[in-house]
Amino acid sequence: MTTTVEPIVAPAVRSPHGGLRDRLRDLVPKLVLAPSFALVLFFVYGFNLWTVLLSFTNSKAFPNLNFIGFANYQKLWNWTFQTDPPSNWYTALVNMGLFGGLYVVFCLALGLTLAILLDQKIRGEGILRPIYLYPLALSFIVTGTAWKLFLDPRLGLEKAVHDLGWSSFHFDWVVNPRMMIYCVAIAGVWQTSGFVMAMFLAALRGIDGEILKAAQIDGASAYATYRRIVIPIMRPVFLSAIIVLAHMAIKSYDLVLSVTGKNPGGAAELPSTFMYSYTFTRSQMAVGSTSAVIMLMTIAAIMIPYLYSELREKHR
Amino acid sequence: MTATDVLSDSRVREPARHSTTTRLVIYGLLVLFALVYLLPLVVMVMTSLKPLDEVTGGNMFYWPHDLTFAPWAEAWGTTCVGLTCAGIKGYFWNSIKMVVPAVIISTLLGALNGYVLTKWRFPGHKLVFGMMLFACFIPFQSVLIPMATILGKLGEFGRTLTDTIGVSLGFGNPTVNLVLVHVVYGLGFTTLFFRNYYETFPTELVKAAMIDGAGFFQIFRRVLLPNSAPIFIVTVIYQFTNIWNDFLFGATFAAGEASPMTVALYNVVNTSTGVIEYNVNMAAAIIAAAPTLLVYLLAGRYFVRGLMAGAVKG
């Protein structure tokens, strides 16, 4: 290396032609970020492309590159409408709709109710709030294990109610293949509604007190204040909550397995379990990757516009 | 965001005026919901403290009649996971060995990334961040097959190394594999957390340090790190909870003896042989939940902040 004249001025003052030191200094941040970005490029974007590629092949137990065009998509499309007997994919989609719909609606309703109730200047909030939130610290496997026992008709709720004297009470959903998916939704709502409560509560506490005072002075009832002022102000939080919940619903996998006990007979099939069983146990990897691509596309359709608008808003 | 509780009420507001009946209804509902949220955990704990015949013959809401800690000892030391009957203790340690390095590496990388993306911006920094952010939300099903292939290749390489130089250098080790997986798919979140935190950190301080001649790492160590304790706590807790609770990656990439805790619990509960020991299952479930529950009890405020930061970026 030839000796360069060291700049006497502070390094922050750049020489107009950019010395070696300056260029090195500009390079350091990029070098620090590069490994992480490379990991993400390879393991996220590269892998997603790889899965897309596999969805156009006829891979069985192992990946291969015999391309067969859109045949796998065609297959899933046909299965979408195969209701008698229902194809696994049809069951997965119906369950997704049931579970996803119930999960989002009940989490929102319960979360909003709890947040509004907690926001009434009540005593003991510091004790109550953590109780609604603690299920979030549990893994879905633990949650599923707990609810499987809790709802088990021979040991749990049904038996306890019988012991109380109401002997005709009947609640066997968790062992009834047709009703299992509702139990998954119950456990999911129990786990996540506290989180939605926290989102709404943070939003409620961000609302300017003056607006509420003005409404009070104008003689608005508490109901009208919430209905016409508070809830409309919180519209962005509803959107965030719905997006987060929808994305969690599509990704949920372990909860189904643990609540139902290994998803017997595919009764509680979801796209995530469909993907897993076709890929790793039924040796139809290409079909599995096709369903994974459909999941990815669905989540991308939800998340990309949302992330885009969130990132833009920040720099307004 | 400051270090205060995100849910604390700082509004100057008239206390809500409600009639006594309304207040009673509000408290009644809140307590009722609290009971519903607590019930499954209470039943779990009580079941784990009963002998098996009391579980199958009694009522799950009754207090244990013959209080026993035997199910806990059995879950920890002797219950069968798959074919081996040595309890869940080994799997608990598997999870610890996986969680600690994965949390440390992903958090440190996230801190550096957040620092670069806010204080050393370059053209295209927004696109880079956007791409890393989307990585948080992909369904992991869409990376499972390529990941299995790559980890298989790393395993082969490890075996070749063992044959030639005698050690595998960690290639093919299931714990190392899981650390890699969790670091890679946790990077988006850790970067997001630190970026949003450093975004509000005064750039003037960084500029001043630059004029004083401090370099990239010096500024990070002397100016940003001393002020980063809250976000480090939030990120570590978030990553710890997520990685400890993961099931999909553990079940796919670490079979048998190498499984993490969640997978072992699933196998204990869903065993198809012998009598179902509900009390032991529940004890195992509580042991599996204990580390994250403990973190929640000790640092709930930071836990909630992490959740919120992972959901709303505004």
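## Starting with a contact

Contact here means heavy atoms within 4.5 Å. With that in hand, we can look at Val104(A), which sits in helix 3 (residues 88–118) of chain A. Helices (H or I, at least four residues) and strands (E, at least two) are DSSP runs, numbered from the N terminus. Setting aside neighbours within four places in sequence, Val104(A) is in contact with Ile242(A), Leu245(A) and Ala246(A).

Is Val104(A) buried or exposed? Its relative accessibility is 14%, so Val104(A) counts as buried. Buried means under 20% relative accessible area, exposed over 50%, and partly exposed in between (1.4 Å probe, protein chains only). Val104(A) and Ala185(A) are 81 residues apart in sequence, while their C-alpha atoms are 9.3 Å apart in space.

## About the model

This is a predicted model, in which local features need pLDDT of at least 70 and side-chain atom pairs count only at pLDDT 80 or more, while totals for chains, interfaces and linings use all residues. Residues are numbered from 1 along each chain as its sequence is written, chains are lettered from A and ligands numbered from 1 in the order in which they are written, and side-chain values use heavy atoms, with hydrogens and water left out.

Helix 2 of chain A spans residues 71–80, and its buried residues are Asn72(A), Leu76(A), Trp79(A) and Thr80(A). Viewed down the axis of helix 2 of chain A, these buried residues fall within an arc of 110 degrees, so they line one face of the helix. The arc is that of the directions from the helix axis to the C-beta atoms. As background, an α-helix has 3.6 residues a turn, so residues three or four places apart point the same way.

Helix 2 of chain A packs with helix 3 of chain A at an angle of about 65 degrees, their axes 7 Å apart. Axes are lines fitted to C-alpha atoms, for helices over the stretch in contact, and angles run from 0 to 180 degrees between N-to-C directions. Helix 2 and helix 3 of chain A are therefore roughly perpendicular to each other. Angles under 35 degrees count as roughly parallel, over 145 as roughly antiparallel, 65 to 115 as roughly perpendicular and the rest as oblique. Leu76(A), Trp79(A) and Thr80(A) of helix 2 of chain A meet Trp89(A), Tyr90(A) and Leu93(A) of helix 3 of chain A. The residues of this contact divide into 5 nonpolar, 1 polar and no charged. Here Ala, Val, Leu, Ile, Met, Phe, Trp, Tyr, Cys and Pro count as nonpolar, Asp, Glu, Lys and Arg as charged, and the others, Gly among them, as polar.

## Chain B as a whole

How many helices and strands does chain B have? Chain B has 13 helices and 0 strands. Its C-alpha atoms fill a box of roughly 80 × 75 × 30 Å along the principal axes. Of the 314 residues of chain B, 54% count as buried.

## Helices 6 and 7 of chain B

Helix 6 (residues 141–165) and helix 7 (residues 174–199) of chain B pack at an angle of about 140 degrees, with axes 11 Å apart. These two helices of chain B are therefore oblique to each other. Val143(B), Met147(B), Leu151(B) and Leu154(B) of helix 6 of chain B make the contact with Asn177(B), Leu180(B), Val181(B) and Tyr185(B) of helix 7 of chain B. The residues of this contact divide into 7 nonpolar, 1 polar and no charged.

Thr175(B) also belongs to helix 7 of chain B. At 19% relative accessibility, Thr175(B) counts as buried. Beyond neighbours within four places in sequence, Thr175(B) is in contact with Lys97(B) and Met98(B).
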